[in-house]
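Reader: I've got a model open and a few things I'd like to ask about it. Mind walking me through some helices and a bit of the surface?

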Amino acid sequence: GFAKVFRMLTIPPIIGAVFLTMLRYETTGIFSNPNDFNVSIVCLCIFPLLAYPYDKLVSGNKGRESQRKMAFKFTLIGYVFGLIYAYRFGSLYLKVLFSSYFLGVFLLTVLNKGLHIRASGHGASAMAPFLITLVWGSIPAAFFFLVIFLLSAWSSVTLGRHTLRDVLSGAACLLLSFLVSAALFKVPLF
């Protein structure tokens, strides 16, 4: 039903594309040149999305857990490339954005692999746009992404993919990584 469709529509690359597009038109200073937006789309959206056909074609489509692991790996690689680009060419805001995503994946990995808490990547990826548009964007954009976060959490729990704790753990990873990244680069939050 609706929960399954919404869960598919809220995979991190799709939320990322909507988020980056909204940032492009709602804010100034994050993308200092056209390449910033294009590289961000490739690193946060297209590269992670490639995990799904790769898993199907190369790994032999071993099921949901294989797909989840492959998505995690492709996402990490995309975020590393994005982080390198942001550090070399990006504005302070782009550095915070990519540092937040990269540190968020690091924290998700620690929780998932180290502490065996299934922190949700959906929870993290739906929280990022809410936080960043709340701080640097607009209230309507932040409200839109809050609704997306809540519906994403609902669909994950309804479908049994994650517990509420998993979703909130993923969201907390992104919140912490955003606060640390903003402090690291001394970028004001409001």
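Reader: Which residues form the nonpolar patch on the surface, and about how much accessible area do they have together?
Author: Bear in mind that this is a predicted model. The patch is made up of V5, L9, I14, V18 and F144. Together their accessible area comes to about 390 Å².

Reader: Take V18: what does it count as at 38% relative accessibility?
Author: V18 sits in helix α2. Buried would need under 20% and exposed over 50%. V18 has 38%, so it counts as partly exposed.

Reader: How far apart are the end C-alpha atoms of helix α5?
Author: Helix α5 covers residues 64-89, which is 26 residues. At 1.5 Å a residue, α5 should span 38 Å. The model agrees with that, as the end C-alpha atoms are 37 Å apart.

Reader: And what do the buried residues of α5 pack against?
Author: The buried set in α5 includes M70, F74, Y79 and L83. The buried residues of α5 pack against α3 (34-49), α4 (51-57) and α6 (92-114).

Reader: Which residue caps the N-terminal end of α7?
Author: Look for a side-chain oxygen 3.1 Å from the backbone nitrogen of H122. That oxygen belongs to the capping residue, S120.

Definitions and conventions:
Residues numbered from 1 in each chain as written. Predicted model: local features only at pLDDT ≥ 70, side-chain atom pairs only at ≥ 80, totals over all residues. Heavy atoms only, no water. Polar contact = N/O pair within 3.5 Å; in protein donor to acceptor, adjacent residues only side chain to side chain. Helix = DSSP H or I, 4+ residues; strand = E, 2+ residues; numbered from the N terminus. Patch = residues over 30% accessible without salt bridge, like charges linked within 9 Å, V, L, I, M, F, W, Y side chains within 5 Å. Areas by Shrake-Rupley, 256 points an atom, 1.4 Å probe, with all protein chains shown as cover. Salt bridge = Lys/Arg side-chain N within 4 Å of Asp/Glu carboxyl O. Buried < 20%, exposed > 50% of the residue type's maximum accessible area, 1.4 Å probe, protein only. Expected span 1.5 Å × (residues − 1). Contact = heavy atoms within 4.5 Å.
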